Amino acid sequence: MINNKNIGFSLVELIIVIAIMAVLAAAIAPALIRYIDKSRKEVDVQNAQMLYEAANLAAATSDEDAAYGWAVIAEQNDRTSGRTDVTYDGHQARSGGDGTYSIRLVAWCRGVRHDGNYGGAWENSLFKAAMDGRSGAAAAQRAYTDEFLMNLNQDRATGGYDNGNRTYDGEDNGYVYLKCKKFSKLEAPSSQTNTSLYNGNISPECWCVYRRDDTGAPEIWVGYKISGQPVKPLYRLHPNPCPEYAN
């Protein structure tokens, strides 16, 4: 005899299965998102260490021009040098004082595709000297930045301006991308932290090589660029990454 018994799921059973799947998804998804976020931050910290080693090697070079190019930023006024007060836990400070030190920008590049006023095109996709396009110490700083770029095997970006145009704009296969692109979220502010930056309105978009005023040592930060203003630091990645990246 033919068995006509329905062996499929009933509507009630399907609803129960879907409900169980929804509960599991709700439980697993946050952990998965945290894992992906942590992995991206770890990649950024590893890349920052690579940039730090290249910057440190360039600063210690036997090339006198490049060595002077590392030091020349300390001779500039605050506006030219991009001098910024930062906290020891790796954030931009609201003001100088106890618990802060100052850093000066030496080189930077976009870490992500910049949409602002550039229509989604790449702008400064390889490192440029902070004072490029300015007279005076710009050429000396470029000698250092060229050495730094060669340590990164990005020597095609050396030389600064060519007939008024930067020769290293545009997307590049050798480029170091920022993996963690979320809006800033301050988790461990100090008493000196400029907390107004960390309210979700600032997004990390720049790799930055800074020189400490007190020790002369390099530091690698992720920063941000507001049109018409100098690049500013947001989070320190190496050495001693800030708590947002260390955890």
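1. Gln141 is located in helix H4. In this predicted model, its relative accessible area is 0%, so Gln141 is buried, the cut-off for that class being under 20%. The side chain of Gln141 has a polar atom 3.0 Å from the backbone nitrogen of Ala130. Leaving aside residues up to four places away in sequence, Gln141 touches Gly69, Val72, Ile73, Leu105, Val106, Ala129, Ala130 and Met131. One of these residues, Gly69, belongs to helix H2, which is taken up next.

2. Two packed helices are described by the angle between their axes and by the distance between the axes. For helix H2 (residues 64-71) and helix H4 (residues 138-151), the angle is about 110 degrees and the axes are 7 Å apart. Angles of 65 to 115 degrees count as roughly perpendicular, and H2 and H4 are therefore placed in that class.

3. Which residues of H2 and H4 meet? On the side of H2 they are Asp65, Ala66, Tyr68, Gly69 and Trp70, and on the side of H4 they are Ala140, Gln141, Ala143, Tyr144 and Glu147. Sorted by class, the contact of H2 with H4 has six nonpolar, two polar and two charged residues.

4. The buried residues of H2 are Ala66, Gly69 and Trp70. Viewed down the axis of H2, these buried residues fall within an arc of 100 degrees, so they line one face of the helix. Glu64 and Asp65, on the other side of H2, are exposed. The student may wish to locate both sides of H2 in the structure above.

5. What covers the buried residues of H2? The cover includes helix H1 (11-59) and helix H4, together with strand S2 (100-110), strand S6 (206-212) and strand S7 (218-224).

6. The N-terminal end of H2 is capped by Asp63. A side-chain oxygen of Asp63 lies 2.9 Å from the backbone nitrogen of Asp65.

7. Thr84 lies in strand S1. With a relative accessibility of 4%, Thr84 counts as buried. A polar atom of the Thr84 side chain lies 3.2 Å from the backbone oxygen of Gly82. Apart from residues up to four places away in sequence, Thr84 touches Gln92, Tyr101, Ser102, Ile103, Lys232 and Pro233. Thr84 and Tyr101 are 17 residues apart along the chain, and their C-alpha atoms are separated by 8.4 Å.

8. Is Asp98 buried or exposed? Asp98 has a relative accessibility of 70% and therefore counts as exposed; the cut-off for this class is over 50%. Asp98 belongs to the loop between strand S1 (84-87) and S2. Between the C-alpha atoms of Asp98 and Tyr88 there are 9.8 Å, and along the chain the two residues are 10 residues apart.

9. Phe127 is another loop residue, placed between S2 and strand S3 (128-129). At 2% relative accessibility, Phe127 counts as buried. Phe127 and Val176 are 49 residues apart in sequence, while their C-alpha atoms are 9.8 Å apart in space.

10. The loop between strand S8 (232-238) and helix H5 (243-246) contains Pro239. A cis peptide bond joins His238 and Pro239, with omega at about -10 degrees. Asn240 is found in the loop between S8 and H5 as well. Phi of Asn240 is near 55 degrees, which is a positive value in a residue other than glycine. Asn240 counts as exposed, at 57% relative accessibility.

11. The last point concerns the chain as a whole. The protein chain has five helices and eight strands, and along the sequence these follow the pattern α-α-α-β-β-β-α-β-β-β-β-β-α. Of its 247 residues, 45% count as buried; Gln141 belongs to the buried class, as do Thr84 and Phe127. Among the contacts in the protein chain with a separation of 6 or more, 60% are made by residues 24 or more positions apart.

How values were computed
Residues are numbered from 1 along each chain as its sequence is written. This is a predicted model: local features need pLDDT of at least 70, side-chain atom pairs count only at pLDDT 80 or more; totals for chains, interfaces and linings use all residues. Side-chain values use heavy atoms; hydrogens and water are left out. Axes are lines fitted to C-alpha atoms, for helices over the stretch in contact, and angles run from 0 to 180 degrees between N-to-C directions. Helices (H or I, at least four residues) and strands (E, at least two) are DSSP runs, numbered from the N terminus. Angles under 35 degrees count as roughly parallel, over 145 as roughly antiparallel, 65 to 115 as roughly perpendicular and the rest as oblique. Contact means heavy atoms within 4.5 Å. Ala, Val, Leu, Ile, Met, Phe, Trp, Tyr, Cys and Pro count as nonpolar, Asp, Glu, Lys and Arg as charged, and the others, Gly among them, as polar. Buried means under 20% relative accessible area, exposed over 50%, partly exposed in between (1.4 Å probe, protein chains only). The arc is that of the directions from the helix axis to the C-beta atoms. A polar contact is a pair of N or O atoms within 3.5 Å; within protein, one must be able to donate a hydrogen and the other to accept it, and residues adjacent in sequence count only if both atoms are side-chain atoms.
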